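Please prepare a short briefing on the structure shown below.

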Amino acid sequence: MNSITDANSIESYREPLLKKGYIKIFTVGIILIIVGFIISSLFGIIPRPDYSDVGYNNYINLMRIFLSISRLFLQIGFALFIFSFFIGGLTDRTLSDNVRKGMILASGVAIFGLVILMLYSYVMIY
């Protein structure tokens, strides 16, 4: 009789995909990344006033707020994305060993991407 913890258990393959914890984390991370990109795309929608206009300082403050919120959503989303790959690679026994190693390797490479995002996210193009 196979137990649930056995890697070849039939019950482990019948477990719904959304019941796995790392899939939920992955989904939340992707949603946050999409929200971050949507907020950053709002930069092009808001018309830019001239430097001599009255509302120029308000515009700059609004853009800083949008940039901060966008950066926050993107960084949290990427961190959850990386975390889900790492947790999935460590805990999901239904995947083959090579897939699990690839997930852990992908999370390690993605950490460098997150560091680059954090370093160069302060660049604002006007």
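Arg100 is buried, with a relative accessible area of 14%; buried means under 20% relative accessible area, exposed over 50%, and partly exposed in between (1.4 Å probe, protein chains only). The model is a predicted one, in which local features need pLDDT of at least 70, side-chain atom pairs count only at pLDDT 80 or more, and totals for chains, interfaces and linings use all residues. Residues are numbered from 1 along each chain as its sequence is written, and side-chain values use heavy atoms, with hydrogens and water left out.

**Salt bridge**
- Arg100 forms a salt bridge with Asp97, the closest N and O atoms being 3.5 Å apart; the term denotes a side-chain nitrogen of Lys or Arg within 4 Å of a carboxyl oxygen of Asp or Glu.
- Asp97 and Arg100 lie three residues apart in helix H4, so about one helical turn separates them.
- One salt bridge is found in a search of the whole structure.

**Asp92**
- Asp92 sits in the loop between helix H3 (56–91) and helix H4 (97–120).
- Asp92 is buried, at a relative accessible area of 6%.
- Leaving aside residues up to four places away in sequence, Asp92 touches Lys20, Tyr22, Ile87 and Arg100 (contact means heavy atoms within 4.5 Å).

**Overall fold**
- The protein chain has four helices and zero strands; helices (H or I, at least four residues) and strands (E, at least two) are DSSP runs, numbered from the N terminus.
- Of the 126 residues in the protein chain, 25% are buried.
- Among contacts between residues at least 6 apart in sequence, 64% join residues at least 24 apart.
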